[in-house]
Structure formats: structure tokens, C-alpha cells
Amino acid sequence: MRKSFPVEDLARDDRFVRVPITERMQDGRQVPREAQGSRRNGGRLTPDRPDAPDAARLLMHGIFVGEVQALEGAGRTCWDFDTTGGGTVGNTSAPEVPFQLKLDMARQCWDEARHTEISCKLSAHMGTELGEFAEATFLYEAACNPDPVLRLTGVNRALEGLAIDVFNTMREFGQICGDPVLEFCEDWMLADEVTHVKMGSDWLRRLTEKDPERRERALEFQRVVDQLFSLGGFRGEEDDSPVRLARRFRELAGFETSEIDELADIARDARAQAEDMSRQNREAAAQQVPT
Amino acid sequence: MSTAVGVDVSVTPETFTLVNYDAGEIAEIAANLWQRIGLPEGRSLRLEIDETTPLGRANIVSVDPPVLALESGALEDSHRPRCLSRPGSEDVIGRLLFKLGDRIDPAFGEPPDDDDIPLTVSSAWDVYAVGRLSRLGFPNQRQRRLYQFRVRHGFADQVDAVFNQLWNAEDLTWTGLLELSERATNGS
């Protein structure tokens with residue numbers, strides 16, 4: 001079995017359709033939320049939003065494909081790195097990793113497989129067909145770094161950190177709606193995600209204990225991934241952010257308060273950039289209007 | 001503009017720049033639905049599409065003359081950004097046209113404007129409309145509608161029982177619809 005698996009080769013059946021993130025970013029319709037001027041413009045996922053049930057379905061489908069990709073990412077990390085070193089990932093020589101790290105990744109695979117099954121059942125509960133919405137693959141792409149420390153930082157701290165924020169949002173949504181199935185499932189998955197992020201935080205510290213330069217590279221990689229995962233302000237600390245940073249659970253997972261503050265800043269920047277790009281797209285589209 | 005038996009349909013804008021929608025196709029979908037639902041002849045229906053937002057709000061802004069307002073996301077293919085989904089458009093426009101038909105029918109009663117209807121009642125009316133649309137042979141997402149109804153009324157057996165009544169109903173009145181929504185919420 002080959003090492004380093006490109007995103008294009010991930011196995012999917014014909015129910016699934018991928019839409020590149022660049023395609024979404026070229027959409028000139030992404031107007032600032034403040035400008036939308038309807039009672040739905042409070043972007044937070046709460047039941048009083050008129051579109052709340054469908055917004056929850058869409059988010060649940062995103063969780064489902066995220067679980068599949070997290071399973072694929074953790075599985076690759078189990079396989080791509082040896083305990084003795086000397087292997088390669090793609091064209092890069094792969095550093096060795098402790099056996100305990102591979103065990104942690106195996107445990108995570110077990111969790112992600114369970115989450116995938118739970119997500120399938122929750123999707124059915126909410127009236128969503130698998131593959132009903134397009135799949136974005138940027139989560140798996142964060143799991144392709146040839147350095148295991150950077151990969152774990154990208155996956156276990158950035159991706160799984162996003163999962164903490166999303167699961168907490170969905171858990172609260174289920175709670176407010178009185179949906180015991182959603183609330184219970186999300187609560188249990190959230191507990192697993194806290195463990196996964198804690199694994200990332202612990203391995204980052206242990207593997208870079210004597211290599212501050214590598215730790216800084218890993219944290220810089222995490223910042224880049226976190227900016228991407230802020231999804232133009234979809235995740236953040238603004239009042240109208242659909243998914244809020246779950247500070248308490250992030251602290252339980254080993255995040256320092258200063259790191260969470262920095263993440264909130266990154267999310268604000270991501271939102272500003274997305275709104276700027278949207279404005280440019282709209283201006284470009286306006287210039288194409290036939291006269 | 002598309003003309004079917006009994007209705008002239010116009011769509012604005014006539015040319016889309018931010019989405020790859022064809023106004024003629026949208027008009028044809030609406031005209032076909034108008035005819036299948038059996039709405040009164042001799043009307044002019046206008047569909048106002050807001051292509052500046054990817055959101056999916058859709059409502060009736062006027063009954064006479066009939067005008068529907070839709071955000072572009074309401075008609076979008078979830079697999080192909082900025083492209084029209086025909087089944088999705090049939091679902092959204094069909095639901096609105098059934099509700100428009102209820103508003104036109106004097107026997108139904110006089111519901112308030114869409115924006116003044118509580119979300120609970122609005123979701124009950126949606127179920128009543130989509131249930132009828134499904135019996136015309138259009139694809140439906142029954143479980144999705146049940147989930148929407150549960151989010152608004154609660155996750156309980158009596159809520160599901162009322163949902164089934166609404167889904168299978170053919171001749172409800174506004175008062176009857178309010179009573180069913182109330183019964184789902186309070187269980188009596």
C-alpha cells in the first residue's frame with residue numbers, strides 16, 4: 001500500500017460530488033451578512049432563524065463528510081510514518097514517530113468510524129440523503145503534510161478544533177429544539193473530539209520538546225489551516241458567527257487562552273478577507289453586465 | 001415570459017449575471033406548476049429572483065397580482081454552485097403556488113402576510129402544501145419536512161401524528177391549520 005494518498009484519489013461512490021473551495025470563493029453572491037437585511041441575518045444557528053432546520057441539515061452533512069475525511073487522515077497517519085524512520089511520504093523522507101502516536105491514531109480511526117456511522121444516522125433523522133450536498137475536501141488536504149508534527153497540528157488541533165466548535169454548536173441547537181437524539185449524539189462526539197485535540201496538543205509538545213524551530217513551523221502551519229477553517233467568518237466569535245468558538249472545550253483540550261484569543265483574531269481576519277473578495281467578485285460581475 | 005394555459009409568467013431579472021440561471025426555464029417551471037396545481041386561469045404571475053444573495057428565502061409578496069420573491073439559493077443545485085436545480089425549483093415554487101392557491105380560495109380564510117405568520121404555523125402550512133405537491137407526482141423530501149416540523153413544534157409522538165394529518169390533508173382552512181399547529185405544540 002502506497003504512502004501519502006492524494007486527495008483526488010479518495011474513494012467515493014457516485015452519490016458524492018466535490019466542489020473545490022476556489023469555486024466557492026469565486027461566488028460574487030457572498031454579500032456581507034449585515035447587508036442582507038432580513039430577519040434571518042443573525043447568522044447564529046438557533047431555532048428562531050427561519051432557515052434553521054435546513055441550515056442544521058447542511059451543517060450535519062458537512063460534519064458527516066468531515067468525519068469521513070478525518071478517518072482517512074488519521075488512517076494515513078497510522079500508515080505513512082514508521083517507528084524506525086527511513087521511509088518516505090511522497091518525495092520527502094518521513095521522520096520516525098513513536099509507536100504510541102500510531103496507537104493514538106488507531107484509536108482515533110475507531111472514533112471517527114463511529115462518528116461517521118452516527119452522522120449517517122443523524123442525517124437520516126434530519127431528512128438528508130448522503131451526498132445531498134457537495135463535498136469540500138480541504139479537511140483531508142490538511143492531513144497530507146509529510147511532517148507528522150505538522151500533520152497532527154493541522155488535523156488534531158485545527159481540524160478537530162473546528163469539530164469541537166461545530167459539535168458544540170449542534171449540541172446547543174439540539175438542546176434548544178428539544179431534539180434529544182441530536183443533543184445526545186453531539187455531546188458524545190464532542191467528548192471524543194476534545195480527546196483528539198488533546199492528543200494533538202500533547203504530541204506537539206512532546207515531539208518538539210527539543211526542537212523549538214519545528215514547533216514554531218507546526219504552529220505556523222496551524223495558523224494557516226485555522227484561517228482556512230474559519231471559512232470566511234463562518235466560525236468565529238462575532239455575534240452572528242454561525243459556529244462559535246467553544247472556549248471551554250478548547251481549554252479542556254489543551255489550548256491556552258492566548259491561543260484561543262489568537263484564533264478569534266484569525267477568524268476576524270478571515271471574515272474581512274472573504275468580504276473583500278466577495279466585494280471584488282460583485283464588482284467584476286457588475287462590469288460584465290451586457291449593455 | 002412563458003405562457004401556459006391560464007397563466008403568463010414573467011421572471012426578473014431577464015438575464016442573470018451572478019448565477020447561471022435561465023429566466024425562460026424558471027418561467028416554464030412555474031407555468032407548468034400553475035397548470036398542474038389547477039390555479040385560476042387568466043392571471044399574470046411574476047417571479048422576482050434576488051441573485052445577489054446565495055440564501056434561500058422564498059415567499060409570496062402579493063396575491064393579486066401574484067408575485068413571488070425568491071433568493072437565488074432557493075433554486076440552486078446543491079451539487080453545482082450557481083446552477084439551477086429543476087427539482088429544487090419545482091419544490092420551492094410548487095410549495096409557494098399551493099399556498100398562493102390557498103390565499104386565493106375564499107373558503108380557506110384570510111391568513112396574514114407571510115412575514116407575520118409565526119414559524120410554527122408557517123412550517124405547518126409548508127407541510128400541507130408539500131404533501132399536496134407530492135401527490136401530484138413531484139419529488140418530495142418527507143423526512144426533511146418532518147424534521148422541520150419537529151424543530152418548530154417539538155420532538156414528540158403527538159407532533160408526528162399532526163404532521164401526518166397535515167401531509168395527507170386536501171381541504172384545510174386557515175383556522176383548521178392554526179388548530180392543528182396548536183395541537184402539535186400543546187398536545188390537546
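**Ground rules.** I am working with a predicted model, where local features need pLDDT of at least 70, side-chain atom pairs count only at pLDDT 80 or more, and totals for chains, interfaces and linings use all residues. Residues are numbered from 1 along each chain as its sequence is written, while chains are lettered from A and ligands numbered from 1 in the order in which they are written.

**Entry 1: the interface.** I looked up how the chains touch. I found 31 residues of chain A in contact with 25 residues of chain B (contact: C-beta atoms, placed from the backbone, within 7 Å). On the chain A side, helix H1 (21–25) and helix H2 (52–80) each give two or more residues (helices are DSSP runs of H or I, at least four residues, numbered from the N terminus). H2(A) gives the most, with three residues. By class, I noted 15 nonpolar, seven polar and nine charged residues on this side. Ala, Val, Leu, Ile, Met, Phe, Trp, Tyr, Cys and Pro count as nonpolar, Asp, Glu, Lys and Arg as charged, and the others, Gly among them, as polar.

**Entry 2: H2(A) against H4(B).** I checked the packing of this pair next. Their axes are 9 Å apart, at an angle of about 120 degrees (axes are lines fitted to C-alpha atoms over the stretch in contact; angles run from 0 to 180 degrees between N-to-C directions). The two helices are therefore oblique to each other. Angles under 35 degrees count as roughly parallel, over 145 as roughly antiparallel, 65 to 115 as roughly perpendicular and the rest as oblique. H2(A) contributes A:Ala52, A:Pro53 and A:Arg57, and H4(B) contributes B:Arg144, B:Tyr147, B:Gln148 and B:Val151. I sorted these contact residues into four nonpolar, one polar and two charged.

**Entry 3: H3(A).** Helix H3 of chain A runs over residues 99–126. Its buried residues include A:Leu101, A:Met105, A:His115 and A:Leu122 (buried: 20 or more other C-beta atoms within 10 Å of its own, C-beta atoms placed from the backbone). What do the buried residues of H3(A) pack against? I found H2 and helix H6 (180–207) of chain A, together with helix H4 (142–153) of chain B. After H3(A) comes A:Gly127, with a positive phi near 85 degrees.

**Entry 4: H2(B) against H3(B).** Last, I looked inside chain B. Helix H2 (86–104) and helix H3 (119–135) pack at about 110 degrees, with axes 9 Å apart. H2(B) and H3(B) are therefore roughly perpendicular. Among the contact residues are B:Phe98 of H2(B) and B:Trp125 of H3(B). By class, I noted five nonpolar, one polar and four charged residues in this contact.

Terms used
Contact = placed C-beta atoms within 7 Å. Expected span 1.5 Å × (residues − 1). Buried ≥ 20, exposed ≤ 12 C-beta atoms within 10 Å, placed from the backbone.
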